[in-house]
Amino acid sequence: MDRLPDPPPLPRPCPSFTQRRHLLLGSLSTLWLAACGGGSAGGDAAAQGPAPSPSPSPAPSPDPAPAGPVHYADISFASLGANADLNGALPFPADNDWNRDISTAEVDPNSDALIAGIGLATGLHPDFGAGTWAGGPIGIPYVVVAGSQTPVSIRFTAYGDESDPGPYPVPVDAPVEGGAAATGDRHVLVIDRDHNRLYELYRAFPQGDGSWSADAGAVFRLDGNPVRPGGQPGWTSADAAGLPIFPGLARWQEAAAGPGGIRHALRFTVARTRRAYVAPATHWASSDASANLPPMGMRVRLKASYVIPPTFSTATRALLSAMKTYGMIVADNGSNWYVSGAPDERWDNDALVSELAQVKGSHFEVLRMAGVVSG
C-alpha cells in the first residue's frame, strides 16, 4: 500500500554533515516546514511570545494491562530476521527512561510555549507503514541476528571520535533506512539477541569486502544500565540526540496487542530544536538558543483529558495509550510531530494516517525538564 496522504519527511539537508549534526540553521528549518507541511501557521510566532503557566494535569487514566508477558532487558525471546517480532522482549530494564511510566510526572512550566513552537494545530503523522515509498520501506528497519553473526570492520567517515569502535555484527544484507539506493540518513540497526547488544549506524554503506562505512555508530547494552558504557556527555550517536533509535520505534506486534501492548516511549521529530539537551539525550543539533524551542531529549505526554476514540483502529489506540503512559521523546530534527516506527506489511496505512492526524499538538504537554545542558 502506498503511503498516504502527506509527503514523507525530506532527507535531512546535508550540504555538510557537520551542519546537520551541530548547526541546524534557521533557513533549513524554514525549508523543512514549508516542504513537509510541518508546523501550524504562526507556530514560530507563538514560540517567541510569553509562556503562560500551564494548568495542572488532570488525573491520568489507568494504565491498560499489557496483552502478554513483558521481558525487560532480555532480547533472547525475539525472533530472527529483518523487522522480526520481539515476542514480548523489550530493550533495557523496566526503570530505564524509555520504559518508565510518566503518566503522573509533573508538567514543565514552559510547556505551553514549547508545544506552540512545535505546532498546536499540527496533527501526528506516522513515519512508518506498509509497502514502500520512493523505492524504500516506510520507516526505520532493523534486523535481529544470532550471537554467531560474524562481526565486521566499520570505517567511520565523520564522527569517529564520538563513535563506539567496531567490529559490529552487521550482515552484508542488513536493511538500510530508505532502501539500498537511499541518500538520506541510511540508518542501520542490528540487534544481537544472544548477547543483548544493539548496534546502530548513521549513513551506513556496505563495502565490497563485507565491511561497512558509516558517518557514526554506537553500541548499546540492552540488559542493564547505563545503556552506553562507552559514551560520553556531548556525544552524538546514530541519532542526532545521542539516543538509541531502536527502543523508541513503534513496532506492529506490540501495537496489534491494543492499548497496553506498547510498553515504552516513542521517538518523534520536530523541525526546530534548541542548542541544548536533557537526559536521556546526550547531544544537541542546533544553533538556536531560544528557551521556547525543545531541547533534544524533551519528553511530551498525551494529556489524560484526551479521550481516545473507541472507533480508532487497534494499532492507533495502542500508540495513543503509550503516549499517555510513556510519552514521546524528541530525538532528531525533521518534520513536526512525525512518530517513528519500523516498517511492516501488517500496518494499515490508511487508518494510521487518518486517525493520527486527528490528534493535534494541543493535546500534548511537556514534562518538567531538570538538568538541561545548554551550549
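Modeller: Two strands are taken to pair if DSSP finds at least two bridges between them. The model discussed here is predicted.

Colleague: Which residue in E7 stands opposite glycine 81?
Modeller: E2 pairs with strand E7 (residues 143–145) in the antiparallel sense, over 2 bridges. Opposite glycine 81 stands valine 144.

Colleague: Which residues does methionine 323 touch, not counting residues up to four places away in sequence?
Modeller: In soluble globular proteins, nonpolar side chains tend to be buried together. The residues touched by methionine 323 also include an arginine, and they are Leu124, Leu266, Arg301, Leu302, Met328, Val339 and Phe364.

Colleague: Which residue caps the N-terminal end of H7?
Modeller: A side-chain oxygen of the capping residue lies 3.2 Å from the backbone nitrogen of aspartate 350. The residue is aspartate 348.

Colleague: How far apart in sequence are the parts tied together by aspartate 223 and arginine 197?
Modeller: These two residues form a salt bridge, with their closest N and O atoms 3.2 Å apart. Aspartate 223 is partly exposed at 33% relative accessible area, and arginine 197 is partly exposed at 27%. Aspartate 223 lies in the loop between E13 and helix H5 (252–256) and arginine 197 in strand E10 (residues 197–202), so the parts tied together are apart in sequence by 26 residues.

Colleague: Are arginine 267 and aspartate 239 buried or exposed?
Modeller: The two form a salt bridge whose closest N and O atoms are 2.6 Å apart. The pair links distant parts of the chain, 28 residues apart, with arginine 267 in strand E14 and aspartate 239 in the loop between E13 and H5. Both residues are buried.

Colleague: Why does arginine 272 count as buried?
Modeller: Arginine 272 is found in the loop between strand E14 (266–270) and strand E15 (276–277). Its side chain meets that of aspartate 288 in a salt bridge (2.9 Å, N to O), and aspartate 288 is partly exposed at 27% relative accessible area. Buried means under 20%. Arginine 272 therefore counts as buried, because its relative accessible area is 18%.

Colleague: Which residues do salt bridges that share partners join into one network?
Modeller: Side chains of opposite charge can pair when their charged atoms come close. The count for this model comes to 14 salt bridges. Those that share partners join into one network Asp85, Asp344 and Arg346.

Note on methods. Residues numbered from 1 in each chain as written. Predicted model: local features only at pLDDT ≥ 70, side-chain atom pairs only at ≥ 80, totals over all residues. Heavy atoms only, no water. Helix = DSSP H or I, 4+ residues; strand = E, 2+ residues; numbered from the N terminus. Contact = heavy atoms within 4.5 Å. Polar contact = N/O pair within 3.5 Å; in protein donor to acceptor, adjacent residues only side chain to side chain. Salt bridge = Lys/Arg side-chain N within 4 Å of Asp/Glu carboxyl O. Buried < 20%, exposed > 50% of the residue type's maximum accessible area, 1.4 Å probe, protein only.
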